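Here is a short report on how one protein model is packed. Keep the sequence and the 3D view open as you read.

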Amino acid sequence: MTDDDKPPIGVLDTLRATPTTVRYLLGGVLVNQLGAFVQTFLVLYLTHRGMSGGTAGLALAAYSLGTVFGTVLGGEITHRLGARTTIVAAMAGSAPLVAVLPLLARPGRVPVLLAAIALAGLFAQAYRPAASVLLSDLMPERYQVMAFSMMRIALNTGAALAPLIAAAVILLDWDLLFWLDGATTLVYALLAYRLLPRHAAPEQAPEPAAAPRTRAERRSGGRAAYGLMLRDRAYLAYLAAVVLGTVAYVQSSISLPLEIVHDGYPTWLYSAVLTASSLVLITCELKITAYITRIPTHLAVGVGHLVNSVGLAAYGLAAHSGAFVLFGAVLAVSGLMIAGPSMFAHPATFPAGSKARYLATMQAAAGLASAVGPLFGVWAWTHLHAGFWVLMALVNGLAGVLALLGTKHRADRADRTDPARPDTAPEPVGETA
């Protein structure tokens, strides 16, 4: 039976096809995200402890910088040591760093605090490429996009519930917030060690007759892999789409509240937008992804970015009616559900020998854009106001064009090198010898 002859993928089919180890993996991601308080509450906590706003902002920048480097490092360690080892090491290293932050949050210990925060960010994100690689390796190929949609749901569910948990914890003790974060991280490490398989990606299984590679050869192979990535114009277009799309996406949580307050609406309107967006995303994404898998990837990412751009443009009409805020939020989250799963899963379509590195660079690009996006957004909004949303719609539209070109080129190349077609021969991909 060819892929075209297979029945459409459904939500129940996907759940039945999900291996137990994948359920453990997604459960661990959810547990870890439920206690991920550092980045969200770091600025508030440090100012609560008497530090200046400048120091708090510097601490947040240190954490964000650590997450970018941690993602790349996590991809490289996953490639060399395996996914489970990387997850366990990253979470076990992150837990004590997060838990010790309340002891360092004092005016006289700022340099040590910044170093600890940067390392906490590095360890906190190093597990992400490993989790994505393990998910891709364990889930049947037919359900890859659905699997990454389930991971997004786990992350979004944790992100939606974490502030509610934090609000209750803060009433007891601010320090307890970080101790709870460290505890959930340690729980994830233990779950990963106990429940995840000793899984080795195909490229890590040594050939029987192959001689052990020296350290210089491994470094050379890594440089060759990244060099090949830098020469892949389609993947660079995809990375640019990730950066631009993320910059536009974060404005819904950075510049939109500024717009709501500026237009004289009550703050509960923004809370309603966040609640509605989270509920729609958590409850509808898997079903929408089941339909999205029936159309080409490049078409899904193109349509998704288009819908998202219309939603961003609608925010520019908020001064006329609060209904445009809710309308824009519905369109923005709808576009995210249409494009997001395919965008998130795209690096996992690369050969096993380079998959971890491709996933890591994508996540690092998204992390960098998440760090830069708020700074750019606030500056641009203060100068443009309503016109800012037109700019964001155009930026997101450009991201959609780049994403369409990058994913379509990848699909076309895969078709040309399909081993089932006798008139094609595989192109050299992955790490060179």
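Predicted model: local features only at pLDDT ≥ 70, side-chain atom pairs only at ≥ 80, totals over all residues.

Residues are numbered from 1 along each chain as its sequence is written, and side-chain values use heavy atoms, with hydrogens and water left out.

**An enclosed helix**

Start with α5. Helices here are DSSP runs (H or I, at least four residues), numbered from the N terminus. Helix α5 covers residues 83-99, 17 residues in total. From first C-alpha to last it reaches 25 Å, close to the 24 Å expected at 1.5 Å a residue. The expected span is 1.5 Å times one less than the number of residues.

Buried means under 20% relative accessible area (1.4 Å probe, protein chains only). Among the buried residues are A83, I87, A90, M91 and L97.

| Helix | Residues |
|---|---|
| α2 | 20-34 |
| α3 | 38-48 |
| α4 | 53-81 |
| α6 | 101-104 |
| α7 | 110-138 |
| α9 | 174-195 |

**The cores**

A nonpolar core is a set of buried Ala, Val, Leu, Ile, Met, Phe, Trp, Tyr and Cys residues joined through side-chain atoms within 4.5 Å. The largest has 53 residues. I87 and Y127 are among those with the most contacts inside it. Helix α8 gives the largest share of this core, 9 residues. A second, separate core of 28 residues includes Y45, L46, L97 and A116.

Look at Y127. Leaving aside neighbours within four places in sequence, it is in contact (heavy atoms within 4.5 Å) with V29, N32, I87, A90, M91, L155 and Y188.

**A buried glycine**

G74 lies in helix α4. At 0% relative accessibility, G74 counts as buried. G74 and Y127 are 53 residues apart in sequence, yet 6.1 Å apart in space, C-alpha to C-alpha. Not counting residues up to four places away in sequence, G74 touches T86, A126 and P129.

**A helix pair**

Now find α8 (residues 144-172) and α13 (residues 268-292). Their axes come within 10 Å and cross at roughly 175°. Axes are lines fitted to C-alpha atoms over the stretch in contact, and angles run from 0 to 180 degrees between N-to-C directions. That makes α8 roughly antiparallel (over 145 degrees) to α13. The contact includes M146 and I153 of α8 and L281 and L286 of α13.

Conventions. Helix = DSSP H or I, 4+ residues; strand = E, 2+ residues; numbered from the N terminus. Parallel < 35°, antiparallel > 145°, perpendicular 65-115°, else oblique. Buried < 20%, exposed > 50% of the residue type's maximum accessible area, 1.4 Å probe, protein only.
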